[in-house]
Amino acid sequence: MTTKHRLITDSFKVVKKARKGGKREKRSPPPSPENEAGNDAGKEELELRQFDMDWRFGPCTGISRLQRWERASLHGLNPPEEIRELLQKTHSEPKYNLSLWSEYPL
């Protein structure tokens with residue numbers, strides 16, 4: 001006569017707790033109030049990141065964004081003129097000057 005092996009969960013009573021308030025709907029968080037200057041800075045940074053990610057203009061490691069733009073223009077790759085204007089306007093700030101990959105070692 002062999003004994004039947006049971007699962008440990010068979011020894012305990014299953015207890016399900018009821019949720020408070022029933023089912024909840026997933027809601028998106030309310031938009032945070034941002035001033036226009038902060039929103040513009042975020043938009044500009046997003047455009048520069050898109051420029052970094054676009055491989056049509058060549059590699060971006062080891063050089064600044066403006067150098068990359070100038071190199072792409074020199075080779076006839078037609079980089080966006082808005083990017084150059086933005087880079088010339090913000091050339092002193094490192095978060096705009098350096099590419100997305102500048103924090104990673106070569």
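Student: Where is Trp101 found?

Tutor: Trp101 sits in the segment after helix H4 (94-97); helices here are DSSP runs of H or I, at least four residues, numbered from the N terminus. This is a predicted model, where local features need pLDDT of at least 70, side-chain atom pairs count only at pLDDT 80 or more, and totals for chains, interfaces and linings use all residues. Residues are numbered from 1 along each chain as its sequence is written, and side-chain values use heavy atoms, leaving out hydrogens and water.

Student: How exposed is Trp101?

Tutor: Trp101 is partly exposed, with a relative accessible area of 30%. Buried means under 20%, exposed over 50%, and partly exposed in between, using a 1.4 Å probe and protein chains only.

Student: New topic: which residues make up the largest nonpolar core?

Tutor: Nine residues in all: Leu48, Phe51, Phe57, Trp69, Ala72, Ile83, Leu86, Leu87 and Tyr96. A nonpolar core is a set of buried Ala, Val, Leu, Ile, Met, Phe, Trp, Tyr and Cys residues joined through side-chain atoms within 4.5 Å.

Student: Which elements give two or more residues to this core?

Tutor: Helix H1 (36-53), helix H2 (65-74) and helix H3 (81-89) do. H3 gives the most, with three residues.

Student: Which residues in H3 are buried?

Tutor: Ile83, Leu86 and Leu87 are. Seen down the axis of H3, the buried residues fall within an arc of 100°, so they line one face of the helix. That arc is taken from the directions from the helix axis to the C-beta atoms.

Student: And what is exposed on the other side of H3?

Tutor: Glu82 and Lys89 are exposed there.
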